[in-house]
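This report goes through a sheet and some of the parts around it. Please look at the sequence and the structure first.

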Amino acid sequence: RRGTSSVLPRTTSSPTAIRPWSRSSMKAGVAHEEDSGSDTQDRYGWQHHCTAADCIAMLYEDSTIQRIVCEFHEDYVVERANNDIELVSCKHREGTQGPWNLSEIAVSGGIAHLFSRWKTLGATRARLLTNAGLKPGAADALELHRACLKAADGVPFDGDMIACRDELAFALLAARRRRKFEGIPETPKPPRRRALRPTPPADLLEEVERFMRVLRICSDLPSRMYIRTQHVEEVMRPVLDLSGHDSAACGDCYDGVVTLIANRNKANELRGQYAMWLTNPQYGSARAVQAALVEARTIRRADLEDVLPAPRPRTLLRRWTTSGHDRLRVKLAAGGVRSTRIRGALRLREAWLAQWEEARHDLPGDEAERQDLEAQILEIAGDVEAAVANSGADWGERMYEQLREKLRNGDVVPSPSLTLTPEHLFGLALNLTAECEIWFSEEFDVEKALREAAQLNARPLLDLEVGR
């Protein structure tokens with residue numbers, strides 16, 4: 001038994017309450033396999049970055065993920081709802097070694113190990129993550145990847161897919177002759193001439209087909225030199241933005257997630273359970289010890305929330321004294337936008353102007369940032385206009401809704417220093433409308449319409465029927 005950890009984190013579960021590994025790791029006759037990487041984690045920082053992507057997805061993007069277990073049966077395991085178990089293997093490869101070929105990816109690339117654990121445990125899915133490319137060629141690694149994509153879509157095995165299946169089966173048998181893999185039969189070494197090779201066992205071919213339907217090969221990930229930078233910007237920052245947290249701290253937050261993963265990878269069965277192990281008779285069983293080990297290696301949503309920064313305070317939508325509302329009113333009314341929505345639009349424009357006045361620093365870069373935002377919004381507004389302009393006479397209401405939805409969905413991302421919400425961005429779009437850069441109807445003479453309204457002065461401006 002290894003020594004106890006000097007840090008014993010809190011736990012709310014007793015050994016009997018810890019659910020042992022679901023599916024099959026606890027079933028009779030199947031011993032658990034603790035991945036040997038847990039003894040040498042200092043060499044596996046890249047693996048921690050791969051695990052971080054799934055952990056961050058568990059926070060806000062994939063609500064079906066219930067937990068992630070590190071260094072147990074595979075590099076890590078993703079457990080989703082309905083007992084959906086995915087085994088994940090992470091294999092970094094230096095650039096000087098070139099892309100994987102099929103025989104290499106079966107042994108050194110981890111596919112044979114994935115197949116073995118998938119079959120033995122009855123797991124649902126398997127995934128290989130690697131930074132190396134895949135070698136092209138008939139029935140080689142790249143073609144295997146493509147065949148797995150087709151198989152996942154339910155395409156029947158025929159032609160090239162059968163060739164890939166057979167080559168994978170031969171590679172698994174060859175891997176078995178080099179190392180012991182449960183679930184892969186041991187066969188004599190075949191002749192060197194391909195024409196003389198015996199056909200793989202029929203039951204193995206059937207299992208390889210099922211395996212290919214659930215295997216994903218994700219190649220071309222960043223190398224260990226660049227993976228942190230890419231994950232900070234493309235994985236961590238978007239999640240913090242969407243969840244209302246301060247994305248300025250995305251680097252520190254991401255490092256906190258990776259540190260959590262590193263600690264879980266090295267945890268032993270006594271982590272957080274020392275007092276229970278010492279006093280509880282249930283720890284006399286192998287099942288309880290294994291359940292404690294699974295719990296020590298487990299990451300849940302609550303663990304990740306502890307490393308997140310404080311939620312970003314909501315930026316208020318404040319009023320601002322301004323002119324130009326008359327042009328905005330008459331233009332929205334011309335597009336069929338109703339009175340209450342027009343009044344809300346005026347407030348959003350005021351909120352944008354108030355926030356811009358506070359966010360700007362009277363520096364040369366301020367105007368450039370604003371011009372960039374305006375250019376992005378104009379491009380999106382043009383696309384929306386092209387999509388709705390032919391849908392009827394009064395299409396401004398549909399354009400209003402679709403443009404607002406696109407800005408809410410993050411189609412325009414302002415600089416973090418500006419502290420702008422999607423409502424502020426929509427207010428900027430409405431300000432561009434008041435400046436006659438965005439239209440919610442066919443173009444018309446706005447100034448003429450305003451003069452006519454002033455002359456009539458008999459009907460509220462919101463009720464004007466412009467151009468009719």
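## Strands 3 and 4

L87 has A126 in strand 4 as its bridge partner. The model is a predicted one. Strand 3 and strand 4 run parallel and are joined by 6 bridges.

Strand 2 (residues 74–80) is antiparallel to strand 3, with 5 bridges joining them. Within this pairing, R80 stands opposite D84 of strand 3.

The hairpin of strand 2 and strand 3 has 3 residues between the strands. In this hairpin, N82 takes a positive phi near 60 degrees.

## The whole sheet and its edges

The open sheet is formed by 6 strands in the order 5-4-3-2-1-6, with mixed pairing. Strand 5 (215–218) and strand 6 (298–299) are the edge strands, and each pairs on one side only.

Strand 4 (residues 125–130) runs parallel to strand 5, and 4 bridges join the two. R127 stands opposite R216, which belongs to strand 5.

## Two helices

Helix 10 (residues 286–296) lies across strand 1 (65–72) and strand 6. Helix 10 runs at about 110 degrees to strand 1.

Helix 3 (residues 111–121) contains S116. Is S116 buried or exposed? S116 counts as buried because its relative accessibility is 3%, and the cut-off for buried is under 20%. Apart from its neighbours within four places in sequence, S116 is in contact with F181 and E182.

Conventions: Residues are numbered from 1 along each chain as its sequence is written. This is a predicted model: local features need pLDDT of at least 70, side-chain atom pairs count only at pLDDT 80 or more; totals for chains, interfaces and linings use all residues. Side-chain values use heavy atoms; hydrogens and water are left out. Helices (H or I, at least four residues) and strands (E, at least two) are DSSP runs, numbered from the N terminus. Buried means under 20% relative accessible area, exposed over 50%, partly exposed in between (1.4 Å probe, protein chains only). Contact means heavy atoms within 4.5 Å. Two strands pair if DSSP finds at least two bridges between them. Axes are lines fitted to C-alpha atoms, for helices over the stretch in contact, and angles run from 0 to 180 degrees between N-to-C directions.
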